[in-house]
Amino acid sequence: MGLFLDESAVRSGVPAAAQVARALLDGSLTPNLAAACGLPQPVDGYLVAALPGVPEVVGPLAERGRRDLLWHHDRGELVLLTPVTGAAAGVDAARSRISDALRALLPMVGVPAVGVFRPQRQVADAVRESRRLRPFAVAADLAEVLHAPEDLAVDRGVARLPEVAAGLRAVLTPLGAGTELRRTLRTLYRVDLHRARAAELLGVHRQTLTYRLNRIRELTGVDPLSVRGVAVLAAALAAEAEDSRP
C-alpha cells in the first residue's frame, strides 16, 4: 500500500513519500503526520543513505509507493530513509530494504552508499554522515551497494594516520605498481576469500589464483589467507585506496 497525505498535499503533485522525507529532514514531522501517512509508530529511528541520483530516479521511486521507504531528491542527490524498529534486527531489515531499492534503481544511482542509523531528531545529521562516508566506500571498491559505517572503520582510521598509511603502503611495494597481484588481492577480499568466485571474476584458473597468492606471500612476507595477513593486507589496500579517494 502507498503512503497518503491530506488532499492539498495530493493536489500539489509531490509524492507522499517525498513530502514525508522532507518533513523528516527539516524536523517538522509530527507523530500525527507520521501516523496519518501509515508510518510505524513508535520507531527507534531511521536508516539513511545519501548518494548521487539522476532526476529520472523519481519516477520509479514514486511508483513503488511503499510506506517503509521514503525518499528525497534535490540537486542531483538522492536520500533514502526507512524507519527502524526493533534495535539490531530492525537495522538489518532496514539495510535490506534500502539495498533492494538501490539494486532496483541501477544505473540511475551512484552506488555504493553508506547507511547511517540515527534517532528521528538526528536524521539531518545522518544525511551529512552518510554523505561524508560515501567517498570511503567508493575508494574501498567493495562489492555491496550499501555499507555500514563500521565496514569502513579501517579505511577511516588509515585516513587519520598518514604515517601508518605510509607504512601499510610499503607492504605492497614489492608487488609492483598496477600488477595482477594487486588486483588479485583486492578481488579476493571483495568476495570474502571465496577463491572459486575470485578466480571467476579474475578470469583465471584456480591454480593460477593459488600461484598468485603464493607469490604475494613470497614477495611481501605476509600470508594473504591468514588472519594476520588479511588484516595487514586489507589495511594496506585501504591505504592505497585513500590516495585515490575524492
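Biologist: Which residues of helix H8 (residues 162-172) are buried?

Modeller: In helix H8, the residues Ala165, Leu168 and Leu172 are buried, where buried means under 20% relative accessible area, exposed means over 50% and partly exposed lies in between, computed with a 1.4 Å probe on protein chains only.

Biologist: Why are the buried residues of H8 said to line one face of the helix?

Modeller: Seen down the axis of H8, the buried residues fall within an arc of 65°, so they line one face of the helix; the arc is that of the directions from the helix axis to the C-beta atoms. This is a predicted model, in which local features need pLDDT of at least 70, side-chain atom pairs count only at pLDDT 80 or more, and totals for chains, interfaces and linings use all residues. Residues are numbered from 1 along each chain as its sequence is written, and side-chain values use heavy atoms, with hydrogens and water left out.

Biologist: How many helices and strands does the protein have?

Modeller: There are 12 helices and 6 strands in the protein, both being DSSP runs numbered from the N terminus, with helices (H or I) of at least four residues and strands (E) of at least two. Of the 246 residues in the protein, 44% are buried, and the C-alpha atoms fill a box of roughly 70 × 35 × 35 Å along the principal axes.

Biologist: Why is H9 called roughly perpendicular to H11?

Modeller: The axes of helix H9 (residues 180-190) and helix H11 (residues 206-220) come within 10 Å and cross at roughly 110°. That angle makes H9 roughly perpendicular to H11, because 65 to 115 degrees counts as roughly perpendicular, under 35 as roughly parallel, over 145 as roughly antiparallel and the rest as oblique.

Biologist: Which residues of H9 meet H11, and what classes do they and their partners belong to?

Modeller: Glu180, Leu181, Thr184, Leu185 and Leu188 in H9 meet Leu209, Arg212, Leu213, Arg215, Ile216 and Leu219 in H11, a contact meaning heavy atoms within 4.5 Å. By class, this contact of H9 with H11 has 7 nonpolar, 1 polar and 3 charged residues.

Biologist: What makes up the largest nonpolar core?

Modeller: The largest nonpolar core has 47 residues, and those with the most contacts inside it are Tyr46, Leu70, Leu78, Leu80 and Leu102; such a core is a set of buried Ala, Val, Leu, Ile, Met, Phe, Trp, Tyr and Cys residues joined through side-chain atoms within 4.5 Å. Among the elements that each supply at least two residues of this core are strand E1 (45-52), helix H5 (87-105) and helix H6 (123-140), and the largest share, 7 residues, comes from H6. Another core, of 23 residues, lies apart from it and includes Leu172, Leu175, Val191 and Leu233.

Biologist: Where does aspartate 192 lie, and does it count as buried or exposed?

Modeller: Aspartate 192 is found in the loop between H9 and helix H10 (195-202), and at 64% relative accessibility aspartate 192 counts as exposed. Aspartate 192 has a positive phi of about 55° although it is not a glycine. Leucine 193, in that loop between H9 and H10, has a positive phi of about 70°, but with a relative accessible area of 35% leucine 193 is partly exposed.

Biologist: What kind of peptide bond joins leucine 106 and proline 107?

Modeller: Leucine 106 and proline 107 are joined by a cis peptide bond, with omega about 0°, and proline 107 lies in the loop between H5 and E4. Valine 111 and proline 112 are likewise joined by a cis peptide bond, with omega about 5°. Most peptide bonds are trans, and most residues other than glycine have a negative phi.

Definitions and conventions: Axes fitted to C-alpha atoms, helices over the stretch in contact; angles between N-to-C directions. Nonpolar A, V, L, I, M, F, W, Y, C, P; charged D, E, K, R; others polar.
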